[in-house]
Amino acid sequence: MSILTLFVIIPVLMLLGLWLASNLNQVRGVMVVGSTLLLALSVYLTIDFIQLRHTMPAESYPMLYTASHMWFAPLHIAYSVGVDGISVAMLLLSSIIVFTGTFASWQLKPLTKEYFLWFTLLSSGVYGFFICTDMFTMFMFYEVALIPMYLLIGVWGSGNKEYAAMKLTLMLMGGSALLILGILGIYYFSGAQTMNVLEIARLHNIAPSVQKIFFPFVFIGFGVLGALFPFHTWSPDGHASAPTAVSMLHAGVLMKLGGYGCFRIAMYLLPEAAQELSWIFIILTTISVVYGAFSACVQTDLKYINAYSSVSHCGLVLFALLMMTKTSCTGAVLQMLSHGLMTALFFALIGMIYGRTHTRDIRQLGGLMKIMPFLSVGYVIAGLANLGLPGFSGFVAEMTIFVGSFANEDVFRRSATIIACTAIVITAVYILRVVGKILFQKVANPHFEELTDATWDERFSVACLIFCVAGLGIAPLWASELINDAVGPILSVIQP
């Protein structure tokens, strides 16, 4: 059995433990033990993977810890697993968000047991997606990750939660319909008699004319989850209505499935179509980057501000992938890692502030630095990371993206890069505006004077995320090398 299968087995055991738990302490115990084991496993896997990588040429070993077991022979569907540096980075990100999200949900009531059951099922789909190399099995885990969102938002959310849950589910299911058509098209026309991504890429049998038909299906299918314009409208409503830890996992990890799938399946398996049609999606992703930043400027709800910011930052991921240089693609994965940590920190802090003030309207907030200094300092750090201040993860990722994107000699791509760069300035505008408004003005409501600062579980969750955001910004080389080794073999297929 591959070590990767533990990323599926542990969540299943957590689900069993949660189902058998009879009180709140047992539920919390199961979540803490399970999420800690997953985090420890991902850290061990990252260290072991880096050590193994140093002993072998990256071009010869695109995947490690591989295993395969056929489970539906008529369609050649197998449980095939394997990871490269990109997958390892995403597994590490997922484990950090699940671990900190557990503590961010420590005080959640009612139906705590049921909430954590669906939360764990959601995380199990994410883990399964990142370890699989079989297209259909990846799609199955992809759907497992999407289904719990409806209930988590519809039952435990806030605001217009029923509308947000329904809109999110319908739009993502629409993307899934396009995706399954694209996957079946790739399988049928590849002639590979397998759904294994590595084998299909190795054979490279799909005619360019066929690729151009199915590339939009796959790219848009994954792009819907990656907040690709104009299919992004589910994202702000979904984030605004979701409970804190669900927003953390959704924006921090689930949206990364979109970028990961676009790179791993759409561009890797349909490279000629990716080259020829990339200009269309570069335009759409450039709009996502700038439009998301401008939209965040005019919002007054803290969650909507961060949600539109996520549209901009996730658009930057797809934008960088489509530039197809090694540096830009490395930056895209770094951006997935960085944004996952930053946005999880933001949503955690917003949820904690909302739990005390019962409002997310920045016009009704003010003077929070005096009342809850720990949460306020955390919000400032998250904001500085989000606008790309050197020393934080956002700077490393965005600099890598823009330098790599501008390395293209094509005038169109360079022009798109310059336009996308304007989002840096716009991001600084809305971040500094919000920080000044809610933290440093006079106390907006006399009742706020009676509020308390973060509890121990909230402090622990926030401190872990701040450590990760700062750590990646100060020491990014290990992550950059890990990702760079994995990007090379994929780009060698896209740009032979």
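Student: So by class, what lines the largest cavity?
Tutor: The lining has six nonpolar, four polar and one charged residues. Ala, Val, Leu, Ile, Met, Phe, Trp, Tyr, Cys and Pro count as nonpolar, Asp, Glu, Lys and Arg as charged, and the others, Gly among them, as polar. Before we go on: this is a predicted model, where local features need pLDDT of at least 70 and side-chain atom pairs count only at pLDDT 80 or more, while totals for chains, interfaces and linings use all residues. Residues are numbered from 1 along each chain as its sequence is written, and side-chain values use heavy atoms, with hydrogens and water left out.

Student: Ok, how much space lies in the largest cavity?
Tutor: About 80 Å³. On a 1 Å grid over the protein atoms alone, a cavity is a set of points where a 1.4 Å probe fits but cannot get out, a pocket is an open set with protein on both sides within 12 Å along at least five of seven lines, and lining residues have an atom within 4 Å of a point. A volume is the space filled by probe spheres set on the points, which are joined across faces, edges and corners.

Student: Which helix gives the most to that cavity's lining?
Tutor: H18, with four residues. Helices (H or I, at least four residues) and strands (E, at least two) are DSSP runs, numbered from the N terminus.

Student: And the largest pocket, how much space is in there?
Tutor: About 520 Å³. Of its 27 lining residues, the closest to the centre are Ala104, Leu108, Thr244, Gly351 and Gly355. H14 gives the most to this lining, with six residues.

Student: How many charged residues line the second largest pocket?
Tutor: None: its lining has 15 nonpolar and three polar residues.

Student: New topic: how many salt bridges does the structure hold?
Tutor: Eight. A salt bridge here is a side-chain nitrogen of Lys or Arg within 4 Å of a carboxyl oxygen of Asp or Glu. In one of them, Glu458 meets Arg356 at 2.6 Å, N to O.

Student: Why does that pair tie together parts that are 102 residues apart in sequence?
Tutor: Because Glu458 lies in helix H19 and Arg356 in helix H14.

Student: Is Glu458 buried or exposed?
Tutor: Glu458 is buried, with a relative accessible area of 11%. Buried means under 20% relative accessible area, exposed over 50%, and partly exposed in between (1.4 Å probe, protein chains only). Arg356 counts as buried too, at 13%.
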